[in-house]
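Subject: Structure handover and notes

Dear colleague,

I am passing on the structure below, together with notes on what was found in it. Please keep it open while you read.

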Amino acid sequence: MQQVVHLAEPATPPEVERVGHDAAELLRPYRGRYVGRLDGRIVAAADTPAEVVVQLRADKVEGAVVFRVPLDPSVDPGGVTE
Amino acid sequence: MRFRFEHLPGPSADVARPVLEVSVLGSEDTVRCMSLVDTGSLHNRFGAWVADLAGVDLSGAAEQTIGIGGTTVSARTVSATLQLAEFRWEAPVSFCQPWPFDFQLVGQQGFLRWFTVNIDAANETLDIVANRQ
């Protein structure tokens with residue numbers, strides 16, 4: 001007979017939570033806007049990705065990640081796409 | 001390579017998501033995108049704005065309608081050059097319009113086929129190893 005192992009819910013380490021919270025707070029003022037982020041700093045922000053990229057190009061910033069800070073990050077775009 | 005989940009501020013609580021900074025290399029620019037590792041997606045799906053800004057030519061690609069996240073979008077699929085950290089690969093990407101989502105999606109055929117990914121949601125890490133032939 002197969003042995004059943006009941007698992008307790010794993011906890012996220014407090015240090016991980018703290019670092020993550022700090023990163024989220026950096027983004028909080030930009031919810032719903034597009035940003036460019038480089039080395040943990042917001043180096044551009046605008047209402048469209050094109051405006052962000054134009055800012056980055058004007059400032060000669062390379063390597064920034066461009067994304068829209070979600071209004072609600074619990075909304076899930078993933079899953080079946082066919 | 002180890003990557004941390006991205007903590008995103010929510011209206012009531014932060015949410016940590018398994019996202020990666022994946023670059024699209026085009027003829028005009030390299031656009032680094034926040035991309036959700038989506039095991040439920042067969043293909044890579046990106047917003048058309050990424051192709052526009054990077055200079056990825058979509059003119060020869062047929063337009064198709066696909067469903068993503070409960071909505072339908074118009075997609076044009078081409079082989080694109082992608083990069084994660086030092087690893088670069090060529091894979092099909094469907095560039096979609098409209099793109100109401102905050103992240104791009106990297107999926108099974110265009111990403112997970114190229115890398116072995118260990119996702120630890122409790123510790124909020126992605127351990128990724130390139131699949132070298």
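Before that, a word on conventions. This is a predicted model, in which local features need pLDDT of at least 70 and side-chain atom pairs count only at pLDDT 80 or more, while totals for chains, interfaces and linings use all residues. Residues are numbered from 1 along each chain as its sequence is written, and chains are lettered from A and ligands numbered from 1 in the order in which they are written.

Chain A

The secondary structure of chain A consists of two helices and three strands (helices, H or I, of at least four residues and strands, E, of at least two are DSSP runs, numbered from the N terminus), and from the N terminus on these elements run α-β-β-α-β. Strand 1 (residues 34-38) and strand 2 (residues 41-46) of chain A run antiparallel and are joined by five bridges, where two strands count as paired if DSSP finds at least two bridges between them. In the hairpin that they form there are two residues between the strands, and Asp39(A), which lies in the loop between them, has a phi near 50°, a positive value in a residue other than glycine. Most residues other than glycine have a negative phi, and most peptide bonds are trans. Asp39(A) counts as exposed because it has 7 C-beta neighbours inside 10 Å (a residue is buried if 20 or more other C-beta atoms lie within 10 Å of its own, exposed if 12 or fewer, and partly exposed in between, with C-beta atoms placed from the backbone).

As for overall dimensions, a compact globule of 82 residues would have a radius of gyration near 12 Å, but chain A has 19 Å; this radius is taken over C-alpha atoms, and the globule rule is 2.2 Å times the number of residues to the power 0.38. The C-alpha atoms of chain A fill a box of roughly 65 × 40 × 20 Å along the principal axes, and buried residues make up 27% of the 82 residues in the chain.

Chain B

Chain B has two helices and 12 strands, which follow the pattern β-β-β-β-β-β-α-β-β-β-β-α-β-β along the sequence. With 133 residues, a compact globule would have a radius of gyration near 14 Å, and the 15 Å of chain B agrees with this. The C-alpha trace of chain B spans about 45 × 40 × 25 Å along its principal axes, and buried residues make up 43% of its 133 residues.

An open sheet of three strands in chain B has the order 1-12-11, with antiparallel pairing. Strand 1 (2-4) and strand 11 (115-120) stand at its edges, each with a single partner strand, so one side of each is left without a neighbour in the sheet. Strand 11 pairs with strand 12 (residues 125-130) over six bridges, and within this pair Val117(B) stands opposite Ile128(B). In the loop between strand 11 and strand 12 lies Glu124(B), whose phi is near 60°, again a positive value in a residue other than glycine; Glu124(B) is buried, with 21 other C-beta atoms within 10 Å. Elsewhere in chain B, a cis peptide bond with omega of about -5° joins Gln97(B) and Pro98(B), and Pro98(B) is found in the loop between strand 9 (87-97) and strand 10 (104-106).

Where the chains meet

In total, 32 residues of chain A are in contact with 34 residues of chain B, contact meaning that the C-beta atoms of two residues, placed from the backbone, lie within 7 Å. Helix 1 (14-27), helix 2 (49-58) and strand 3 (65-68) of chain A each supply at least two residues of the side that touches chain B, and the largest share, seven residues, comes from helix 1.

Strand 3 of chain A also pairs with strand 5 (residues 30-37) of chain B, in the parallel sense and over two bridges, with Val66(A) opposite Cys33(B). Not counting residues up to four places away in sequence, Val66(A) touches residues of both chains, among them Tyr34(A), Val53(A), Val31(B) and Cys33(B).

Best regards
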